[in-house]
Amino acid sequence: MKWTVKDIPPLFGKVAVVTGANSGIGWHTALELARAGCEVILTTRSDEKGRDAAERIRKALPQVKVHAEVLDLASLKSVRAFAARMQTQPWLDMLINNAGVMAVPRRELTEDGFERQLGTNFLGHFALTGLLMPVLRRARAPRVTTVSSVAANFRMRRINFDDLMGERSYNAWTAYCQSKLADLMFALELARWCAAKKIPVVSDAAHPGYARTNLQTSGPGRPQGRATLMIEGFASQHADAGALPTLRAATELNAAPGSYYGPHRFFHLKGYPVRVSIPGPARNEKAAKRLWETAEKLTGVRFEI
């Protein structure tokens, strides 16, 4: 079946947080959740970006409930401040862990001393999810959807615990692939943790395939070469199509904990969203548990029952 935004169920009365919602997949995810009746909290790294993103949604959908909050996932101080503000929220139905950076050309550190891609894409979302768990548990059927990437299965046979922050050897794409593998492993381990603790939070994951977003065109990565631009022409899809796997994972009523959604064709780079297989490295439960414990130590955030 060709799943589209028309298959999103009514979301009136529900509340969602979408990280990195000022552009690309995050903005289209927020737009369609709002169109379905959901109240959406857009998080961005600056007030200006947040106000602009919210205004563009209101311009398209004047009656919706959207507002913006500042959240910098490269700063645990910012993550904790946002989570503290969210504690006054009566409930939270959906947390969409979407924000990210890609292929930072030279090794950079977050303000907490983490390699920037791992720190932003994975550790920031790990801490955010743990700190928002009390608010999520106030909802009737809460869900955490974490956005990974087809890159989770590129270059990486495992998480490099011996050089997690790339201190001895740094490669921009290897670091990105590791961060997205970590995201997927986190989503799966969170599903197992919730099941073991009998906590009714569904954790699943999605990847957008090869979606054309500002991660490629205006992010901190290398400029696009001619070959990349040629491949884009037949192997990629627009950001609104790239948001469909996330939207299906976040809203499908019978989504199973630990399920993974991605495009259905051209090596899962484009097409309609379907459940896809989980790459081998992400299925290593022993490594996932170690990654979870490492993230707890690095962030100081523990998931409480």
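Which residues form one aromatic cluster?

1. The cluster is formed by Phe122, Phe126, Phe186, Trp193, Trp292 and Phe303. This is a predicted model, in which local features need pLDDT of at least 70, side-chain atom pairs count only at pLDDT 80 or more, and totals for chains, interfaces and linings use all residues. Residues are numbered from 1 along each chain as its sequence is written, and side-chain values use heavy atoms, with hydrogens and water left out.

2. The structure holds 11 aromatic pairs. Rings of Phe, Tyr and Trp (its six-membered ring) pair if their centres lie within 6.5 Å; planes under 30 degrees apart count as stacked, over 60 as edge-to-face and the rest as tilted. The ring centres of Phe126 and Trp292 are 5.4 Å apart and the planes stand at 85 degrees, so this pair is edge-to-face. Phe126 belongs to helix H4 (residues 116-136) and Trp292 to helix H10 (residues 285-299), so the pair ties together parts that are 166 residues apart in sequence. Helices (H or I, at least four residues) and strands (E, at least two) are DSSP runs, numbered from the N terminus. Phe126 and Trp292 are both buried (under 20% relative accessible area, with exposed over 50% and partly exposed in between; 1.4 Å probe, protein chains only).

3. For Phe186 and Phe303, the centres are 6.3 Å apart and the planes at 65 degrees, so the pair is again edge-to-face. This pair links distant parts of the chain, with Phe186 in helix H5 (residues 172-197) and Phe303 in the segment after H10, 117 residues apart. Both Phe186 and Phe303 are buried.

4. Helix H1 (residues 24-35) and helix H2 (residues 47-60) have axes that come within 10 Å and cross at roughly 40 degrees. Axes are lines fitted to C-alpha atoms, for helices over the stretch in contact, and angles run from 0 to 180 degrees between N-to-C directions. H1 and H2 are therefore oblique to each other (under 35 degrees is roughly parallel, over 145 roughly antiparallel, 65 to 115 roughly perpendicular, and the rest oblique).

5. Which residues of H1 meet H2? Trp27, Ala30, Leu31 and Ala34 in H1 meet Ala53, Arg56, Ile57 and Ala60 in H2, where contact means heavy atoms within 4.5 Å.

6. The chain has 10 helices and 10 strands. Of its 305 residues, 57% are buried. Among contacts between residues at least 6 apart in sequence, 76% join residues at least 24 apart.
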